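Here's a quick briefing to read alongside the model. Keep the structure open while you go through the points.

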Amino acid sequence: MSMRELEPGIVTDLTNRLTYAGYLRLDKLLTAQEPLSGTATTPARHDEMLFIVQHQTSELWMKLMIHELKAAIRFVREDRLDACFKILARVKLIQKQLFEQWAVLETLTPSEYEAFRPTLGSSSGFQSAQYRALEFLLGNKHAAMMDVFRYDPAIHEELTALLAAPSLYDEFLRHLARRGLGLPPECVERDWSLPRDSHRGVVAVFKKVYDDPDTWWDAYEMAEKLVDVEESFQLWRFRHLKTVERIIGFKPGTGGSSGVGFLKRALDHRFFPELIDVRTEIGAR
């Protein structure tokens, strides 16, 4: 049996050099999985490792999404919509990874989960600060959600800043206003911490864009990229709901929510309502 020789240029003496493990801080990353279901005499439940890795990986992907969405907001403020297109295409692919991850967690049976579920205490995905940051960046503003983060002043301060700042969609509407598309004034300057509903004036502006995509091509493309992100977010939410339903049925969540019922209500929220409502207007007789 032949053996492949190392190429002569491959570095093998890594003394005092930056290594793969060092660059990625694998010493921290791969020791951050600490199952709690074991005792002094028994090992942790086998399936708790899956649960931890699933959620830690999700948090890493969400960190990247936040990084990308903040960049997208900066570009829109600079009226550089074209620079957002690759960013939002990347966000969509990150969302695909998050969606597909649920399939791995779905291999966890109800009895396997119940074996370590009591270990979770009151901890819940609802308490994810990064998930809440994503909601705020995309425009789902809800000040009452902040109460759960008061235990951590640094996180609370960061989320408060995002709550009070224009979302990506808000900045897109302001961009369209700067281009003379006649956005209603109350959609251009307002209290950004408040949720918003669909506005007929904004629907009319998007109909103008969709009726003449050659003139408004970058705005037209941006609108479609945002629809991609919203659809992917909703699919992610739905897959979460079905995974929870499959594993715990209709029991309450560990954090005190109603579980599946709570997740179903989240599906009713629309980040960019006018981008859906305008579709009813296009071609209507």
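This is a predicted model: local features need pLDDT of at least 70, side-chain atom pairs count only at pLDDT 80 or more; totals for chains, interfaces and linings use all residues.

**How helix 8 sits**

- Helix 8 covers residues 168–178, and nine of its 11 residues are buried, so the rest of the structure largely encloses it.
- The buried ones are L168, Y169, D170, E171, F172, L173, R174, H175 and L176.
- What do those buried residues pack against? Their partners are helix 3 (48–77), helix 4 (81–105), helix 6 (129–138), helix 9, helix 10 (217–248) and helix 12.

**Salt bridges around helix 8**

- Searching the whole structure turns up 21 salt bridges.
- One of them pairs E171 with R77, with 2.7 Å between the closest N and O atoms. This pair ties together distant parts of the chain, since E171 belongs to helix 8 and R77 to helix 3, 94 residues apart.
- Buried or exposed, where does E171 fall? E171 is buried, at a relative accessible area of 3%, while R77 is partly exposed at 42%.
- R178 and D79 also join their side chains in a salt bridge, at 2.7 Å from N to O. Here too distant parts of the chain are linked: R178 is in helix 8, D79 is in the loop between helix 3 and helix 4, and they are 99 residues apart.
- R178 is partly exposed, with a relative accessible area of 44%, and D79 counts as partly exposed at 39%.
- D218 and R179 form another side-chain salt bridge, 3.0 Å from N to O. That one connects D218 in helix 10 to R179 in the loop between helix 8 and helix 9, 39 residues apart.
- D218 is partly exposed at 24% relative accessible area, and R179 is partly exposed at 29%.

**Helix 9 against helix 12**

- Helix 9 (residues 200–211) packs with helix 12 (residues 273–281) at an angle of about 65°, their axes 9 Å apart. That angle makes the two helices roughly perpendicular.
- The crossing of helix 9 and helix 12 is right-handed.
- On the helix 9 side, the contact uses R200, V202, V203, F206, K207 and Y210. They meet E274, L275, D277, V278, R279 and E281 from helix 12.
- By type, the residues of this contact come out as six nonpolar, six charged and no polar.

Notes: Residues are numbered from 1 along each chain as its sequence is written. Side-chain values use heavy atoms; hydrogens and water are left out. Axes are lines fitted to C-alpha atoms, for helices over the stretch in contact, and angles run from 0 to 180 degrees between N-to-C directions. Helices (H or I, at least four residues) and strands (E, at least two) are DSSP runs, numbered from the N terminus. Angles under 35 degrees count as roughly parallel, over 145 as roughly antiparallel, 65 to 115 as roughly perpendicular and the rest as oblique. A crossing is left-handed if the near helix is turned anticlockwise from the far one by less than a right angle, and right-handed if clockwise. Contact means heavy atoms within 4.5 Å. Ala, Val, Leu, Ile, Met, Phe, Trp, Tyr, Cys and Pro count as nonpolar, Asp, Glu, Lys and Arg as charged, and the others, Gly among them, as polar. Buried means under 20% relative accessible area, exposed over 50%, partly exposed in between (1.4 Å probe, protein chains only). A salt bridge is a side-chain nitrogen of Lys or Arg within 4 Å of a carboxyl oxygen of Asp or Glu.
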